[in-house]
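Me: Could you take me through one spot in this model in some detail, and then show me what's going on elsewhere in the fold? Keep it chatty, but give me the cut-offs.

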Amino acid sequence: MIHLTIQGIEVEVAEGTTVLEAARKAGIRIPTLCYHPDLKPFGSCGLCVCKQEGSSKIIRACSTPAAEGMRIITHDQDLYEVRRTILELTMSTHPSSCLMCTKNNQCELQKLAIEYGVREQPFEVRLAEDKKDRSTGAVVLDPEKCIKCGRCVQVCQGLQGVYALEFIGRGDKTTMSPAASLPLGSSPCIKCGQCITHCPVGAIYEQDQTNDLMKAIADPDKVVAVQIAPAVRVAIGEEFGMKPGEISTGKLYTALRRLGIDYVFDTNFGADLTIMEEGYELLARIKNGGVMPQITSCCPGWVDYVEEYYPELLDNLSSAKSPMMMQGDITKT
Ligand code: SF4
Ligand code: SF4
Ligand code: FES
């Protein structure tokens with residue numbers, strides 16, 4: 001174990017712990033933007049800067065290992081000014097149209113700008129001119145909003161093992177881009193959505209189809225049917241202030257009917273069909289000496305991943321559609 005002092009508080013941590021993690025253990029919050037607990041420290045944003053007592057050297061808490069006897073200063077006026085300047089510089093390359101952003105009120109940069117009282121823009125604003133990339137139909141890239149923290153590249157390459165995103169260029173010309181500057185839809189992207197989940201700002205987001213839905217509901221010649229996957233009936237409650245884990249199936253069905261949806265179906269029924277189909281397929285493989293083991297997932301990203309990266313396993317994949325697709329077909333028919 002290692003013993004150090006953080007902002008006057010003594011803390012004991014295991015060897016290999018970073019200064020940032022040690023500070024969190026001591027109950028001290030150091031601001032971060034590029035850091036994410038799922039990912040290796042990247043050290044790109046500079047917001048986590050700290051000082052060691054008796055040294056003028058600035059360290060980055062997210063990527064500095066804690067060492068025996070360290071005396072770390074996490075907050076003083078100098079560090080406050082440095083962090084505020086970093087935020088001002090970051091915002092000079094980021095649009096201020098927060099009201100129209102999908103991440104409004106959930107954006108980590110916006111929260112920090114409020115916390116550090118950034119109310120004016122002292123630096124010349126220089127926004128990237130690259131257009132939005134909607135080529136996958138699911139994941140939208142908006143390079144204008146990218147603050148180059150590196151989380152999406154790390155999660156795509158390091159966690160997912162996909163390598164669909166990378167940094168291209170050097171210095172202030174660096175841009176986050178699909179591999180080889182191809183449209184994301186032509187890259188090996190499997191549409192897993194992990195880059196969306198990890199982006200601290202609104203530079204990567206899901207394709208929003210709210211307006212398509214509203215138009216369909218308003219069309220008197222259209223029958224609108226919805227299906228709800230099992231996780232949604234719990235997950236959606238949190239968006240409406242319910243406790244995590246609270247089941248809201250009845251509320252969800254009622255809200256959809258009141259919105260004007262004609263039919264509400266449950267993907268559970270599709271899941272039952274999938275299990276039956278997969279069961280028949282498995283029996284046939286066992287009886288006829290087919291390729292084993294039979295592998296299945298109802299996640300299209302997972303199937304995409306096998307198709308792109310493990311084509312030798314394609315014959316192991318069940319030919320049954322996912323519960324969503326089966327329920328969709330049944331509903332249409
Ligand atoms: S959706 Fe997944 S595979 Fe595609 S770019 Fe994002 S992290 Fe990579
Ligand atoms: S797209 Fe988002 S996660 Fe990726 S580098 Fe830019 S700001 Fe960071
Ligand atoms: S959080 Fe440490 S450099 Fe970004």
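Which helix is the place of Leu 273? And which residues of helix H3 are buried?

Reply: Quick housekeeping. This is a predicted model, so local features need pLDDT of at least 70 and side-chain atom pairs count only at pLDDT 80 or more, while totals for chains, interfaces and linings use all residues. Residues are numbered from 1 along each chain as its sequence is written, chains are lettered from A and ligands numbered from 1 in the order in which they are written, and side-chain values use heavy atoms, with hydrogens and water left out.

Leu 273 sits in helix H9, residues 267–288. Helices here are DSSP runs of H or I with at least four residues, strands are E runs of at least two, and both are numbered from the N terminus. Leu 273 counts as partly exposed because its relative accessibility is 23%; under 20% would be buried and over 50% exposed (1.4 Å probe, protein chains only). Setting aside neighbours within four places in sequence, Leu 273 is in contact with Met 326 and Ile 330, contact being heavy atoms within 4.5 Å.

Now H3, which covers residues 108–115: Leu 109, Gln 110, Leu 112 and Ala 113 are buried. Viewed down the axis of H3, those buried residues fall within an arc of 165°, so they line one face of the helix; the arc is taken from the directions from the helix axis to the C-beta atoms. An α-helix has 3.6 residues a turn, so residues three or four places apart point the same way. The cover over the buried residues of H3 includes helix H2 (77–91). Just past H3, Gly 117 takes a positive phi of about 60°.

H3 also has charged partners. Glu 108 forms a salt bridge with Arg 151, with the closest N and O atoms 2.8 Å apart; the term means a Lys or Arg side-chain nitrogen within 4 Å of an Asp or Glu carboxyl oxygen. Since Glu 108 is in H3 and Arg 151 in helix H4 (residues 151–159), the pair ties together parts that are 43 residues apart in sequence. Arg 151 is buried at 3% relative accessible area, and Glu 108 is partly exposed at 28%.

Arg 29 is partly exposed at 48%, and so is Glu 115 at 41%.

Asp 78 and Lys 51 make another salt bridge (3.4 Å, N to O). That pair links distant parts of the chain, with Asp 78 in H2 and Lys 51 in strand S3, 27 residues apart. Lys 51 is buried, with a relative accessible area of 15%, and Lys 51, Asp 76 and Asp 78 are linked in a network of salt bridges. The whole structure has 12 salt bridges.

One last stop: Met 214, in helix H6 (residues 210–218), is partly exposed at 41% relative accessibility. Met 214 makes a nonpolar surface patch of about 240 Å² with Leu 213 and Leu 259.

Technical notes:
Patches are made of residues with over 30% relative accessible area and no salt bridge: like charges are joined within 9 Å, nonpolar side chains (Val, Leu, Ile, Met, Phe, Trp, Tyr) within 5 Å. Accessible areas come from the Shrake-Rupley method with a 1.4 Å probe; for residues, only the protein chains shown count as cover.
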